Amino acid sequence: MEILFYIFSTLTLLCGALVVFNPFSRNPVTSAMFLVLTIICMSGLFVLLKAFFLAAVQILVYAGAVIVLFLFVIMLLNIKEEERQRFRKFGAFLGAAAVAGLAWILVTTMMNSRAGERSVANNAGETKPLGELLFTHYVLPFEIVSLLLLVAMVGCILLSKTPETEEETE
Amino acid sequence: MTSVGLEHYIVVSAVLFCLGLLGVVIRRNLIVMYMSLELMLNAATLALVAFSHFQPPTPNGSPFDGQIMVFFIITVAAAEVAVGLALIVALYRKRQTIDVADLTSMKL
């Protein structure tokens with residue numbers, strides 16, 4: 001059980017790092033593929049946390065829909081690899097230093113807070129209790145989210161409409 | 001090797017969040033920056049699931065509140081990706097580039 005946590009967390013962080021800076025390729029498709037691997041390893045962590053429903057949803061929605069959307073857009077735009085190596089070393093160094101400081105603050109805070117002292121690990125996220133909660137206590141946010149999805153759909157159609165089709169409808 | 005507790009998951013989540021932030025800061029390709037944003041959202045998701053799993057029993061409130069929140073985060077993230085990528089496509093049609101170094105003016 002514990003060795004599985006270390007394997008999955010190492011793989012998650014490794015693939016996440018390869019999404020951001022891949023030493024071998026600057027191609028966005030490679031980043032998207034490593035994002036898929038990150039998400040799959042993270043759903044392994046979800047299974048270790050007994051969130052089975054969310055692990056399935058993570059793979060279905062992220063690896064299945066979101067990444068496919070990313071790949072579609074990359075193919076649609078026909079982006080070449082970043083040929084121009086105007087690599088601004090100073091900016092990258094400053095950004096990395098700032099983020100490293102933030103990471104240090106976060107990790108030391110979490111280590112010192114001893115958050116897990118009184119914790120118990122016995123909550124299993126099956127589909128049934130989640131669904132019951134979703135349709136009783138959280139029914140209003142659920143409906144609002146459905147409205148949000150409708151708005152997103154209309155927004156996408158509006159944004160991706162080309163001027164030619166506009167003239168046709170007018 | 002101590003037993004894996006809440007802190008371990010939170011530290012993994014924090015490091016993953018910082019990796020995503022680093023991607024947003026240092027990469028110049030809009031699509032890769034967007035993927036890094038997804039990474040940050042996933043880190044928040046992992047933290048919420050860990051809190052939900054290790055939550056002590058409380059009189060009011062279900063132990064699954066965190067997981068319900070993650071469910072909503074995933075839904076909102078899917079909507080956000082759709083709208084954001086539509087914006088990127090519209091921007092590319094106007095400017096023929098998605099390098100943020102070339103996208104410096106707000107006029108079309």
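Two residues are in contact here if their C-beta atoms, placed from the backbone, lie within 7 Å. The model is predicted, so local features need pLDDT of at least 70 and side-chain atom pairs count only at pLDDT 80 or more, while totals for chains, interfaces and linings use all residues. Residues are numbered from 1 along each chain as its sequence is written, and chains are lettered from A, with ligands numbered from 1, in the order in which they are written.

Begin by selecting both sides of the contact, which takes 61 residues from chain B and 67 residues from chain A. On the chain B side, pick out helix H3 (65-95) of chain B, which gives the largest share, 20 residues; helices are DSSP runs of H or I with at least four residues, numbered from the N terminus.

Next, select A:Leu54 and B:Ile31, which are among the residues with the most contacts inside the largest nonpolar core, a core of 66 residues. Such a core is a set of buried Ala, Val, Leu, Ile, Met, Phe, Trp, Tyr and Cys residues joined through C-beta atoms within 7 Å, where buried means that 20 or more other C-beta atoms lie within 10 Å of a residue's own. Helix H2 of chain B gives the largest share of this core, 13 residues.

Stay on B:Ile31 and show its partners: leaving aside neighbours within four places in sequence, B:Ile31 is in contact with A:Pro28, A:Phe70, A:Val73, A:Ile74, B:Ile88 and B:Ile98.

Finally, colour chain A by domain, taking domain 1 (1-81) and domain 2 (126-170), with bounds that come from an automatic or database domain assignment; their C-alpha centres lie 24 Å apart.

Terms used: Helices (H or I, at least four residues) and strands (E, at least two) are DSSP runs, numbered from the N terminus. A residue is buried if 20 or more other C-beta atoms lie within 10 Å of its own, exposed if 12 or fewer, and partly exposed in between; C-beta atoms are placed from the backbone.
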